[in-house]
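Student: I would like to go through this model with you, one chain at a time. Please show it first.

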Amino acid sequence: MGTGLPGGFVSGLRHPFSGIDHLLAMISVGLWGAFLGRPLIYALPVVFPAMMVVGAILGMFVVPLPSVELGIALSVVVLGGCIALSVRAPVWAASIIVAVFAVFHGYAHGKELPSAADPVSYSAGFVLATGLLHVAGICLGLLNDLPNGVVATRSMGAVIATVGIGLLYRAIGL
Amino acid sequence: MLPPALLFVALGLALGFAPRRAWLPSVLALLLTLAALTLMHAPPGLANTVFAGCWISVIATAASVHLKRELPLWAAVAFSVNVGVWAAAVVSVSGSRYDLLKALPCVSIFLPASLLVARRASIPVKVVSSWVIAIAALAATLQLLPVTPGYLPDHLE
């Protein structure tokens, strides 16, 4: 018998695909990592889940965090903008940027986690989905090796940043 | 089935960084530990302790992929015994021995992992390891919250 609450592995797996803000931010992390090359191509997708867990724990314990929606929208703008402008951030700076935004994304997921039926499977699903979106971003980054590929990936970054600006307006309530 | 599966995946990822000569002793150590301990029953009152040990083991085993050197033989065998102990313990307090059989093939992830490591393409292995660590850390935290942590039946079950 179920509890009627959303939960379980499949529900967690679907969750990051259900919101455009999370989806674009995760893809951007992989895409920017691929843009920056080693070691950030793997450092960013490793930093993100680690800090997402920190955010999720803050969310689970309902530790107040200011403007979560604003932080998430800002992550889409900044990450998309970094790709569009081909920002070659140093390792420490890129890691800090991604780590800070990961806390906001983790917080939003973590707040929902305790009310999910079977939260352990739910968390397994959404961590896996998050990781797969990073991999999708890295795969899109492979376009950089093709002629005019950099133009294509930078254009994707511009589109992501533009959508992010729309999300930012919505989050601010303008 | 998820806790033993995560233990076996973490062990498989760690073995990907171990020398080939460590594979057989490690897998044998795992199977012998499981065979010896699956017949034992942990007291149900220890469920939270057993799961805490399981999640800590998942994190420690998966984190070993970030070691600078390759995993030595003794460490690979020690990880295998530790994973066997906690996998047997978790199915003893929650789930069935059949879950162990279903989850055991997850260890075979060491084959593709070692291939990638040998080709100096260990990035995907490290990324997957970070996912496993994240899941275990979240699961461990859920134990500290006043919610049904998923491996226990809730009030409707």
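Student: In what pattern do the elements of chain A run from the N terminus on?
Tutor: The model is a predicted one: local features need pLDDT of at least 70, side-chain atom pairs count only at pLDDT 80 or more, and totals for chains, interfaces and linings use all residues. Residues are numbered from 1 along each chain as its sequence is written, chains are lettered from A and ligands numbered from 1 in the order in which they are written, and side-chain values use heavy atoms, with hydrogens and water left out. Helices (H or I, at least four residues) and strands (E, at least two) are DSSP runs, numbered from the N terminus; chain A has seven helices and zero strands. From the N terminus on, the pattern is therefore α-α-α-α-α-α-α.

Student: What radius of gyration does chain A have?
Tutor: The radius is taken over C-alpha atoms, and the globule rule is 2.2 Å times the number of residues to the power 0.38. For 174 residues, that rule puts a compact globule near 16 Å, and chain A agrees with it. The value for chain A is 16 Å.

Student: How much of chain A is buried?
Tutor: Buried means under 20% relative accessible area, exposed means over 50%, and partly exposed is in between (1.4 Å probe, protein chains only). Among the 174 residues of chain A, the buried share is 55%.

Student: Which residues does A:A25 touch beyond its sequence neighbours?
Tutor: A:A25 is in helix α2 (residues 20-36) of chain A, and A:A25 counts as buried because its relative accessible area is 0%. Its C-alpha atom is 8.0 Å from that of A:I72, a residue 47 places away along the chain. A contact means heavy atoms within 4.5 Å. Leaving aside neighbours within four places in sequence, the contacts of A:A25 are A:S75, A:V76, A:L79 and A:H105.

Student: Is A:L143 buried, partly exposed or exposed?
Tutor: A:L143 sits in the loop between α6 (119-141) and α7 (149-172) of chain A. Not counting residues up to four places away in sequence, A:L143 touches A:G149, A:V150, A:T153 and A:M156. With a relative accessible area of 27%, A:L143 is partly exposed.

Student: How far apart are the mean positions of the positive and negative charges of chain A?
Tutor: Lys and Arg count as positive and Asp and Glu as negative, while His and the chain ends are not counted. Each charge is placed at NZ of Lys, CZ of Arg, CG of Asp or CD of Glu. Chain A has 6 positive and 5 negative charges, and their mean positions are separated by 9 Å.

Student: And in chain B, how far apart do the centres of the two sets lie?
Tutor: Chain B has 9 positive and 4 negative side chains. The distance between the centres of the two sets is 23 Å.

Student: Is B:T61 buried or exposed?
Tutor: B:T61 belongs to helix α3 (residues 47-63) of chain B. Beyond four places in sequence, B:T61 touches B:A10, B:L11, B:A14, B:F79 and B:V83. Its relative accessibility is 0%, so B:T61 counts as buried.

Student: Where does B:S122 lie?
Tutor: At 19% relative accessibility, B:S122 counts as buried. Not counting residues up to four places away in sequence, B:S122 touches B:F17, B:L116 and B:V117. B:S122 is in the loop between α6 (110-118) and α7 (123-142) of chain B.

Student: Which cysteine has the sulfur nearest to that of B:C106?
Tutor: A disulfide is a pair of cysteine sulfur atoms within 2.5 Å, and over all chains the structure holds zero of them. B:C106 is in no disulfide, and the nearest cysteine sulfur is 13 Å away. That sulfur belongs to B:C54.
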